Amino acid sequence: MSRPPGRFRQAPRPAALPVRTRTWVSSHPMHRGGPPPSPPRVRRGAGDGGAPRAAPDSHRQRAGRHGHDGQEVLVTYTVIARSADSRLLGAATASCSLAVGNAVPALVPTAGVVASQAWTNRRLRYEMLRTLHHGGTAEEAIAALTDADPDLALRQVAVLPVAGPGAHLTGSLCTPWAGGVAGTDFVVIGNYLAGPEVVEAMRAAMDEALAGPGPTSTGMAEALLACLRAGQDAGGDSRGQQSAAVLVADTLAGFQYPVLLDVDLRADNSPAPLDDLAEMLALKGRAHPAPAEVMPSIRVPHRPEDEKLWSTVLS
C-alpha cells in the first residue's frame with residue numbers, strides 16, 4: 001500500500017541554538033570558577049614568616065579525593081569565642097559551601113569550643129574536645145592531632161578552652177590565603193580568603209565586641225555575627241557566600257547531653273546567609289529571652305552521673 005504523500009514527511013531541522021558557556025558551582029576549590037587551577041602557593045599560617053611553597057602535583061591528585069570520603073572541602077572563615085567572664089562560649093562561621101554549620105564548629109560547655117575546616121576532617125572536632133575535657137590546653141589539643149590525622153597539612157583548626165589561651169593551626173597545604181589570629185578570648189581562622197585583611201578585620205571586631213561587660217547569649221551571637229560581617233566586608237571568602245551559622249552555649253548548663261545550646265542558627269543555602277542569620281536572631285530575641293538571661297547566677301549542681309556520661313562520650 002502506498003503512503004499518503006507528505007504524511008510521514010520528516011520535519012525540518014530546527015535552527016542551531018546559540019552555544020552558551022557554563023560556570024561550575026561546585027564547593028570544591030579545585031572546581032570553583034572553571035577548570036582546576038595551577039598548583040597553589042600556600043602559607044604555613046599567619047604570622048609564622050614561613051616562605052610560600054608550591055604544592056606538588058601528587059598533592060592535588062590526593063587532595064581531590066578528600067571530597068568523596070567524608071572530608072569535605074569547606075572554604076571558610078570562622079570565629080570561636082568566650083565572654084570575658086568565661087560564662088558563654090560561641091562560634092560563628094561562613095563559607096561559599098553548603099551547610100557550613102554542620103561541619104565546622106562544635107562545643108562542649110564544660111570543655112571549650114573548636115573548629116575544623118579547609119579540607120575538612122570533622123572528627124578532629126571530637127579529638128580536640130576530648131583533650132580539653134581531660135584537662136589539656138589548646139596547644140596540647142592541636143599537638144594531639146598529629147597522631148589522629150596523617151593529612152594534617154590539609155587541615156585548619158582552632159581551639160578555645162573554657163579557661164586559658166586559644167590556639168590555631170593552618171596546615172601547609174591549605175589553599176591560600178589561609179591563616180589565623182588568636183586574641184585574649186577568641187580565635188579567628190580562614191582559608192581561601194581575599195587576604196590577611198579578612199582575619200585582621202575580624203580580630204578588630206571581636207576585640208571591640210568583647211571589651212564590654214559579659215553579654216547575654218543573644219548579645220554574644222550578635223557579636224559573633226558582627227565579626228563575620230567584618231570579615232565579609234574585608235573580602236571574606238574569595239568565591240562569595242552560600243552558608244553561615246552561629247551557636248552559643250552557657251557554661252552554667254554543666255554536663256548535659258546532648259549539648260544544651262542557647263543559640264543554634266544556620267543559613268545552609270542562601271545568597272545572603274549573614275542577613276538570614278541577623279533576621280533569625282531578631283526573631284529569636286522577640287520570641288523569648290535566652291536561657292542565660294533568666295538562669296540564676298549559680299552553677300548547676302554537680303552530678304557525678306553527668307560527668308561520668310561526658311567522660312564516656314569523650315573517652
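Guide: Start with terms. Two strands pair if DSSP finds at least two bridges between them. Strands (E, at least two residues) and helices (H or I, at least four) are DSSP runs, numbered from the N terminus. This is a predicted model: local features need pLDDT of at least 70, side-chain atom pairs count only at pLDDT 80 or more, and totals for chains, interfaces and linings use all residues. Residues are numbered from 1 along each chain as its sequence is written, and side-chain values use heavy atoms, with hydrogens and water left out.

Visitor: What is the strand order in the open sheet of 6 strands?

Guide: Strands of a sheet pair through backbone hydrogen bonds, either parallel or antiparallel. Here the order is β10-β11-β4-β5-β12-β13, with antiparallel pairing. β10 (179-182) and β13 (263-267) are the edge strands, each pairing on one side only.

Visitor: How many bridges join β4 to β5?

Guide: There are 7, and the two run antiparallel. Thr78 has Thr93 in β5 as its bridge partner. The two strands form a hairpin with 5 residues between them, where Ser86 in the turn has a positive phi of about 65°.

Visitor: And on the β12 side?

Guide: β5 pairs with β12 over 8 bridges, antiparallel. Ser95 stands opposite Ser243 in β12.

Visitor: Which residues point each way from β5?

Guide: In a regular strand the side chains alternate between the two faces of the sheet. Leu88, Gly90, Ala92 and Ala94 point one way, and Leu89, Ala91, Thr93 and Ser95 the other. Buried means under 20% relative accessible area, exposed over 50%, partly exposed in between (1.4 Å probe, protein chains only). In β5, 8 of the 8 residues are buried, so the strand is largely enclosed by the rest of the structure.
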